[in-house]
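Let's take a friendly walk through a protein chain together. Have a look at the sequence and the structure first, and then read on.

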Amino acid sequence: MRHKTQGNDVGKILTRLTITNRADEITAARGYVPADQIRSVTLENVLVDTGATMLCLPAKVIAQLGLELLKEVDVGTATGIGKARIFQDAKISLLGREGTFECLELPGGQDPLLGVIPLEALGIELDLQNQQLVLLPISSTQTYLTIL
């Protein structure tokens, strides 16, 4: 299945991404809070960035989702090595596929980025020439998932 994204610039893919606090979902499933208290956001024009390793979100979005801090790490950026915070339990929904990932907090007002680890885990490839995301097969006869 191919999905045309909202990209305008050649070689640039922008997409719509829904992010949910997975810990909230678990708490609601156990009956501790009502389902309408599950925190979730839908972001438009998220840059799909092969230069980024993971999901990267602004602090404002992380706070809105109520994600829990996992650890602080050193990261390489265009300006050198810096410190960043990693948060956990960010469940993303993209093109009908879902997965739960860690996310890196972006400094300042930077725009969200979707990196290669979530894309690979969800079986989604980039078609830069056509500026779209492509779902890899996941049927019983053909699948991108392997155990070798």
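The sections below go from the overall picture to the details.

## How the model was made and read

This is a predicted model, in which local features need pLDDT of at least 70 and side-chain atom pairs count only at pLDDT 80 or more, while totals for chains, interfaces and linings use all residues. Residues are numbered from 1 along each chain as its sequence is written, and side-chain values use heavy atoms, with hydrogens and water left out.

The predictor's confidence in each residue is called pLDDT and goes from 0 to 100. The chain averages 87, and 86% of its residues score at least 70. Where pLDDT is low, the predicted coordinates should not be read in detail.

## The overall plan

The chain has three helices and 10 strands. Helices (H or I, at least four residues) and strands (E, at least two) are DSSP runs, numbered from the N terminus. Read from that end, the order of elements is β-β-α-β-β-α-β-β-β-β-α-β-β.

Of the 148 residues in the chain, 38% are buried; buried means under 20% relative accessible area, exposed over 50%, and partly exposed in between (1.4 Å probe, protein chains only). Among contacts between residues at least 6 apart in sequence, 59% join residues at least 24 apart.

Strand 2 is mostly covered, with seven of its nine residues buried. Which strands pair with it? Two strands count as a pair if DSSP finds at least two bridges between them. I13 has V48 in strand 3 as its bridge partner, whereas I19 stands opposite I92 in strand 6.

## The nonpolar cores

A nonpolar core is a set of buried Ala, Val, Leu, Ile, Met, Phe, Trp, Tyr and Cys residues joined through side-chain atoms within 4.5 Å. The largest one here has 25 residues, and L17, I19, L55, L57, I92, C103 and L114 have the most contacts inside it. Among the elements that each supply at least two residues of this core are strand 2, strand 3 (40-48), strand 6 (80-94), helix 3 (116-122) and strand 10. A second, separate core of nine residues includes C56, A84, I86 and L106.

Leaving aside neighbours within four places in sequence, L17 is in contact with V41, T42, L43, V46, L55, I92, S93, L94 and L114.

## One side of helix 1

Which residues of helix 1 are buried? They include D24, E25 and A28. These residues lie on the same side of helix 1 because they cover an arc of only 100 degrees around the axis, taken from the directions from the helix axis to the C-beta atoms. Strand 2, helix 2 and strand 6 are among what covers the buried residues of helix 1.

## A hairpin with a covered strand

Strand 9 (residues 124-127) runs antiparallel to strand 10, with four bridges joining them. The two strands form a hairpin with four residues between them, and Q131 in the turn has a positive phi of about 50 degrees. D127 stands opposite Q132 in strand 10.

Both faces of strand 10 (residues 132-135) are covered: Q132 and V134 are buried on one side, and L133 and L135 on the other. In a regular strand the side chains alternate between the two faces of the sheet.

Note on methods:
Contact = heavy atoms within 4.5 Å.
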